[in-house]
Amino acid sequence: MKESAVKTTDAYNLSAKEYEKVISLNQTYLEQIQQFAELFQNGDEILDVGCGPGKNAQILSNNGLAITGLDSSSAMIELAKENCPKGNFILSEAQSLRMDKKFKGICLSFIIVHLSDTDAEKLLQSVSEHIEKEGYVYLSFMTGKEAGFEITSFSSNKIFFNYYEPDYIISVMEQKGLKNISHKMYGYTETDGSITDEHFMIFKK
């Protein structure tokens, strides 16, 4: 595991409960996942990469979907098991995605923001290989800053963040056979009062 990934995972292990509170209170995040869930039929299998405390998995599961979740943080995996008892959760790095099956949907909620450009492209390539034909991929990320370690509202330990431009993401996904069908942007108010643009995209195979 790269040093940036180790530090980020360690920070999430220490701040898992606080992060869970932040996510639970962010209605924009929850609404986007609910809209994603409504694209599927009861029983469809969904892969949640970087599942965190399982709040997204909980929403997806409550919509009758079968959830497999991956995360590199053991503390997050434990919370995910509590929040989504019906889900199957596995301790694993996102960029090490290797499953023996394909999924109707894949959720990438603010996971590429913790990866280098190279590792993000590797993950997206793997996602394209694990999504069924006519399947959907949910992808959220931020724009606006240089990549680096940051202190967050939920963690006093620094976490690695990377930022992407929408056109770049759409281009990469198109090269992998995934068409953008939805793109929404909202402003997130940081602790210093600045606004970070957050993007929520859905792609179809």
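Mentor: Fine. Start with F110, which counts as buried because its relative accessibility is 12%, under the 20% cut-off. Keep in mind that this is a predicted model.

Trainee: Where is F110 found?

Mentor: F110 sits in the loop between β4 and α5. Its phi is positive, about 50°, although F110 is not a glycine.

Trainee: Which strand holds E134, the residue with phi near 75°?

Mentor: E134 is in strand β5. The phi of E134 is a positive value in a residue other than glycine.

Trainee: And is E134 buried, partly exposed or exposed?

Mentor: Partly exposed, because its relative accessible area is 37%, and that class lies between 20% and 50%.

Trainee: How many residues of β5 are buried?

Mentor: Ten of the 13 residues in β5 are buried, so the strand is mostly covered.

Trainee: OK, the sheet. What is the strand order?

Mentor: It is an open sheet of seven strands, in the order β3-β2-β1-β4-β5-β9-β8, and the pairing is mixed. β3 (88–91) and β8 are at the edges with a single partner strand each, so one side of each has no neighbour in the sheet. From one strand to the next, the twist averages 15°.

Trainee: What does pairing mean there, in general?

Mentor: Strands in a sheet pair through backbone hydrogen bonds, in either a parallel or an antiparallel sense.

Trainee: Then are β4 and β5 parallel or antiparallel?

Mentor: Parallel, over six bridges. F103 has I131 in β5 as its bridge partner, and L108 stands opposite L139 in β5.

Trainee: Changing topic: helices. Which residues of α2 are buried?

Mentor: In helix α2 (residues 27–37) they are Y29, L30, Q32, I33, F36 and A37. They are on the same side of α2, because they cover an arc of only 160° around the axis.

Trainee: What covers them?

Mentor: The cover includes helices α1 and α3 (55–62), and strands β4 (103–109), β5 (131–143), β8 (179–189) and β9 (195–204).

Trainee: Which residue caps the N-terminal end of α2?

Mentor: N26 does. One of its side-chain oxygens lies 3.1 Å from the backbone nitrogen of T28.

Trainee: Which residues are buried in α4?

Mentor: M76, I77, L79, A80 and N83. They line one face of the helix, because they fall within an arc of 165° seen down the axis of α4. These buried residues pack against α1, α3, β2 (66–71) and β3.

Trainee: You mentioned α1. At what angle do α1 and α4 cross?

Mentor: Roughly 35°. The axes of α1 (residues 3–25) and α4 (residues 74–83) come within 7 Å.

Trainee: And which residues meet there?

Mentor: From α1, they are Y12, N13, A16, K17, Y19 and E20; from α4, S74, A75, M76, L79 and N83. By class, the contact has six nonpolar, three polar and two charged residues.

Trainee: Next, N56. Is N56 buried or exposed?

Mentor: Buried, because its relative accessibility is 9%. N56 lies in helix α3. Leaving out residues up to four places away in sequence, N56 touches I33, D48, C107 and S109.

Trainee: How far apart are the C-alpha atoms of N56 and Q34?

Mentor: They are separated by 8.4 Å, with the two residues 22 apart along the chain.

Trainee: What about H199? Which side chain does its own side chain contact?

Mentor: The side chain of H183, in a polar contact at 2.8 Å. H199 is in strand β9 and counts as buried because its relative accessibility is 4%. Not counting residues up to four places away in sequence, H199 touches several others, including L139, F141, P166 and M185.

Trainee: Last one, S128. Where is S128 placed?

Mentor: In helix α5 (residues 117–130). S128 counts as buried because its relative accessibility is 6%.

Trainee: And what does S128 touch?

Mentor: K176, L178 and K205, again leaving out residues up to four places away in sequence.

Conventions: Residues numbered from 1 in each chain as written. Predicted model: local features only at pLDDT ≥ 70, side-chain atom pairs only at ≥ 80, totals over all residues. Heavy atoms only, no water. Axes fitted to C-alpha atoms, helices over the stretch in contact; angles between N-to-C directions. Helix = DSSP H or I, 4+ residues; strand = E, 2+ residues; numbered from the N terminus. Contact = heavy atoms within 4.5 Å. Nonpolar A, V, L, I, M, F, W, Y, C, P; charged D, E, K, R; others polar. Buried < 20%, exposed > 50% of the residue type's maximum accessible area, 1.4 Å probe, protein only. Arc of directions from axis to C-beta. Polar contact = N/O pair within 3.5 Å; in protein donor to acceptor, adjacent residues only side chain to side chain. Pairing = 2+ DSSP bridges.
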